[in-house]
Protein chains: 2
Amino acid sequence: MSLTQLFEPSAVAVIGASKTEGKIGYEAMANATRFDGAVYPVNPSTTGELFGSEFVSSLSEIDDDIDLALCCVPGPAVPDVLEECGEAGVGAAVIYASGFAEASEEGEQLQQRVVEIAEKHGISVLGPNTSGFLVPATDLRCSFASGVEEVPPGNTAIIAQSGGVAHVLSFQSRRQDRGISAMVGLGNRANVGFAEAIEYFDGDDRTDSIVLHVEGTDDGRRLLEACRESDTPVIAYKVGQSDVGEFAESHTGALTGDHELYTAGFAQYGVPTVDATDDLLDAAAALGNSPTPDGPNVGVVTAQAGPGIIITDRIQRAGGRLPKLTAETQARVDEILPGVTYADNPVDTGRPMPEFGEIVTAVAEDERVDIVLVNELFEAALGYPIEELDGLADRVDKPVLFVTEGVEENMADQRDALSDAGIPIFETPERAAEAAGALARYALLREGPSGVRTDGGPGTEAAARDGAAADGEVTADE
Amino acid sequence: MSLTQLFEPSAVAVIGASKTEGKIGYEAMANATRFDGAVYPVNPSTTGELFGSEFVSSLSEIDDDIDLALCCVPGPAVPDVLEECGEAGVGAAVIYASGFAEASEEGEQLQQRVVEIAEKHGISVLGPNTSGFLVPATDLRCSFASGVEEVPPGNTAIIAQSGGVAHVLSFQSRRQDRGISAMVGLGNRANVGFAEAIEYFDGDDRTDSIVLHVEGTDDGRRLLEACRESDTPVIAYKVGQSDVGEFAESHTGALTGDHELYTAGFAQYGVPTVDATDDLLDAAAALGNSPTPDGPNVGVVTAQAGPGIIITDRIQRAGGRLPKLTAETQARVDEILPGVTYADNPVDTGRPMPEFGEIVTAVAEDERVDIVLVNELFEAALGYPIEELDGLADRVDKPVLFVTEGVEENMADQRDALSDAGIPIFETPERAAEAAGALARYALLREGPSGVRTDGGPGTEAAARDGAAADGEVTADE
């Protein structure tokens, strides 16, 4: 099954489109009409226009080849609508309605019928029980939620079990000035599940990292295998460590499953896991916009000691290591900045200063360092060391992450310049350190068992926490 | 020792004020001149004006009574400057310079002299090795950092061991639309330490919550006792769980100490601890803007299931409990919203809807609920249930927290209205749940040992994690 017709349709039909504001058929149509291609409102009991398009009473009236149908009809009406889609040659459908496998035994039977009809006609079905998907680059906005037209294009694909979480992540990504290549809320996964979506976005040119929100699935192995096959980095957020079973089951018809098992499974298949929505997007920004790190060793440069302590503490807890810098690098730092506050790892300059960029370069070029993390409060008179950082990551072939804090308006231009120079930026010391930790874990998990230290260093703990140290199944198929 | 002259001076002198941009004596003066009262630049080798004030060559030339001196001179010059302060009757001083106890044995001796001079003259000394403090309400901005003039007034006092972290927290608080009553970077704590600062801000009318950033102190008991005596809620962020000893020592001259010990100590003295800067400010917003919760039982209302699962999971891990709603409340919810997606705790309405506020009210009025957490993606056509939420927390005498997500500009007005209605707002499901967890832990810790469940419920774990279950020392002096 290809998802091309779902995510790259030439024409779209909104079945059950409505003129009544607030109804899903209205809201979905309002968002869908932003699409470049043709969008047809379909409703047998409505005439006239909606957002400039003429209502048609059925798919058969449309001359265009419809690839994608957005089904805004109640659950019981879905099978007939899907049959109509199949007869009209529609290749993909989104089913927004709930009341399927998540709700009751009847609902389960209804969903079974949906799956059968979809199979008969070869239709890729997203949902049921989803709020849809987005592809901002082509303005394909197949969600009924408010505000999705403002989610900007970026290079992270969000694949979420819950449509609600998919939207939370999309808006968060906008707030963080990042954007997404796509967002998909899988819902009940009639026949479009994690594996299908991962495969599709691994092949998508706009996507440089894939993030998963997972509650639970009865087909974990396929999910994990899709992760392993993906050349695009995948990061997972598995929710449900405490007892949320009954409520979760009522949601997308899936038990949240055993958290430890999932975490170990992800680790074995090369996927770092995180524990919050913001950490998920941060890890995606780090992995999607950086060279792949060769190892877990982080070099930290900070202009303030306090945040530096937070960062070094957190990196180690997140699975990164803090190597001693080489004698050469320490000498170089001393030469650039005689009497520097602290010249090992982290290098602490005490304050932002004109030489800050040179120091970062020295640390980035240290052979013991695989990942660079830079912390600096914004100082208006100095700005950021953009010239030195521009292209640094590519030149040393290592991720270079930056965390800063200050008055947003004052630092906006400098932030943009840093972003344009390819440097991922983070909002708090902890979140930057967690992103560095995700890079470190990715390096360890992809490196294979030989990457797991046996000297009792912090990396061992980290690897064990991710279940990688316990066996030899870690794959090195990068 | 009173800190009145430090935080409420009538006139301020900037010793070592400089006309050279970028120098601490320039930057500190630039920020200090925003103060309502008189601010005098003092420098024996400079004449003319700086920001409209005439340079004077020494304190003795000033007719005004100077309460506070900002010392922008290098470390070795500090003892003489402090002597001059003492002779001129100055009651408080900020020492920005580093190179004291954090740096070397010589520095330690230098600091010892500072302490002795301060004692002789009765001067409250903030620092050395600090970037200063802020009191936004009076525009008293005694920091040399860039952008501090933009930190808005609020009702949280930040007391940080590190000046850098104090600034990070201040700017974060601005970004979160919250603001602060004050920010203090303690640095080396010559004679103004945690205890003195906590006592002062507990008596400050503008302060409704106090947050601590703690690396380590050799006077932990006084700190803890000050926490216990404080009527204003205190929340602590103790950094340094992994090995950051050597670097930390180079910072404010304090070892980071044993993390577990601190956490247990804080719990015994009624202080919930958190594990990140953003969680610290979130907990402060929850505790400082809410009635004190009677217990740890959280009632959750969500308009989307996925974020609801994240929230319920996280609340339990953070020490909160999710009681079953009473039969009356469940019946009431069913009546308001027949066929509601999930009617226990959490109540999941499936989508935002006009009845959402009524549902929140029903849950808030449930006798089993001590804390209310509401999650709703913003829907433009509906807005937030402001009318129902306005005054609800006071009426039911319980905290009511709100987490939302959407397009910032679209929801700005509604967010402001919700804020004006006294509802603390959070940015992500996890952070809202952590804030609810901090409220729950605060309730348990202040309630005393009787509040610790013995039935193996999640509260037991949470209390144990905070070290409260292990002994009977939890105090009930609220």
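Two residues are in contact here if their C-beta atoms, placed from the backbone, lie within 7 Å. The model is predicted. In it, 14 residues of domain 2 of chain A are in contact with 15 residues of domain 3 of chain A. Chain A also meets chain B, with 57 residues of chain A in contact with 58 residues of chain B.

**Domains of chain A**

- Chain A is divided into domain 1 (1–131), domain 2 (151–289) and domain 3 (290–458).
- The centres of domain 2 and domain 3 of chain A, taken over C-alpha atoms, are 27 Å apart.
- On the side of domain 2 of chain A that touches domain 3 of chain A, helix 10 (residues 277–288) gives the most, with seven residues.
- That side of domain 2 of chain A has nine nonpolar, two polar and three charged residues.

**Chain A against chain B**

- The side of chain A that touches chain B takes at least two residues from each of several helices of chain A, among them helix 5 (163–175), helix 10 and helix 16 (408–420).
- By class, this side of chain A consists of 22 nonpolar, 23 polar and 12 charged residues.

**Helix 16 of chain A**

- A kink of about 30° in helix 16 of chain A is centred on Gln414(A).

How values were computed
Residues are numbered from 1 along each chain as its sequence is written. Chains are lettered from A and ligands numbered from 1 in the order in which they are written. This is a predicted model: local features need pLDDT of at least 70, side-chain atom pairs count only at pLDDT 80 or more; totals for chains, interfaces and linings use all residues. Domain bounds come from an automatic or database domain assignment. Helices (H or I, at least four residues) and strands (E, at least two) are DSSP runs, numbered from the N terminus. Ala, Val, Leu, Ile, Met, Phe, Trp, Tyr, Cys and Pro count as nonpolar, Asp, Glu, Lys and Arg as charged, and the others, Gly among them, as polar. The bend at a residue is the angle between axes fitted to the seven residues ending there and the seven starting there.
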